[in-house]
Amino acid sequence: MNNFIFLGAPGAGKGSLAVKVAADYKIPHISTGDIFRANIKAQTPLGVKVKAIIDSGSLVSDDLTFELVKDRLAQDDCKNGFILDGFPRTIPQAEMLDTLGLELKCVNFDIAEEIVLKRLSTRRVCKACGANYNVLTLPPKVEGVCDKCGGEIIQRDDDKQESILHRMDVYKEQTQPLIDYYNNKGNMTTLDAAIETDNLLVEFKKIFA
């Protein structure tokens with residue numbers, strides 16, 4: 001069973017690889033943000049609770065996040081496996097996930113902080129359509145103008161250096177302990193996330209054929 005947990009710092013490339021693995025292995029890529037948005041849009045009982053919490057400026061509790069994840073994993077498209085991206089974030093969340101009795105394969109995306117800084121600080125996004133660019137590796141044809149829709153290309157606030165360093169600190173404090181948690185369980189694989197996504201997919205498939 002291909003039940004994957006992807007762990008790694010912001011900018012480590014978890015999301016990019018997850019899209020390719022999901023397509024090749026025919027399993028869903030599940031992020032907590034997507035689950036929150038889907039439930040809020042559908043106005044499910046859990047979604048109504050989440051919206052009220054977010055609107056009040058508070059953080060969604062571990063218990064409620066787990067209930068949403070558990071509900072998502074019970075859906076038909078997860079019967080052959082799934083990729084969890086962004087959950088668990090903490091040891092208590094991991095312990096809650098353990099109560100489901102699933103066979104999990106944890107993948108750690110190992111990357112140096114300076115590479116993350118370079119990747120994220122050079123990332124740009126179209127304000128209108130959301131298309132992604134990079135000033136070094138994928139610049140638009142005309143500086144500041146989206147190739148797809150002609151919209152304005154901006155740097156998001158959370159891609160500025162001060163914000164990136166803060167996100168890295170939060171990751172180290174909250175999520176890094178999960179690496180030890182899953183290492184101790186013997187179901188952790190570490191990948192070198194500094195390489196390009198296509199090469200990373202090749203390495204991934206060698207391990208999880």
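A nonpolar core is a set of buried Ala, Val, Leu, Ile, Met, Phe, Trp, Tyr and Cys residues joined through side-chain atoms within 4.5 Å; buried means under 20% relative accessible area, with a 1.4 Å probe and protein chains only. The model you're looking at is predicted, with local features needing pLDDT of at least 70 and side-chain atom pairs counting only at pLDDT 80 or more, while totals for chains, interfaces and linings use all residues. Residues are numbered from 1 along each chain as its sequence is written, and side-chain values use heavy atoms, leaving out hydrogens and water.

**Exercise 1.** Find which residues touch the most other members of the largest nonpolar core.

*Solution.* 
- Step 1: this core has 52 residues.
- Step 2: those touching the most other members are Phe4, Phe6, Leu17, Leu84, Tyr182 and Phe204.

**Exercise 2.** Describe how helices H5 and H8 pack.

*Solution.* 
- Step 1: locate H5 at residues 91-98 and H8 at residues 176-185 (helices are DSSP runs, H or I, of at least four residues; strands are E runs of at least two).
- Step 2: the angle is about 35°, and the axes, lines fitted to C-alpha atoms, are 9 Å apart.
- Step 3: the contact (heavy atoms within 4.5 Å) includes Leu97 of H5 and Tyr182 of H8.

**Exercise 3.** Work out the strand order of the open sheet.

*Solution.* 
- Step 1: its 5 strands run S2-S3-S1-S4-S8, with parallel pairing (two strands pair if DSSP finds at least two bridges between them).
- Step 2: S2 and S8 are the edge strands.
- Step 3: zoom in on Ile5, whose bridge partner in S3 is Leu84.

Definitions and conventions. Buried < 20%, exposed > 50% of the residue type's maximum accessible area, 1.4 Å probe, protein only. Axes fitted to C-alpha atoms, helices over the stretch in contact; angles between N-to-C directions.
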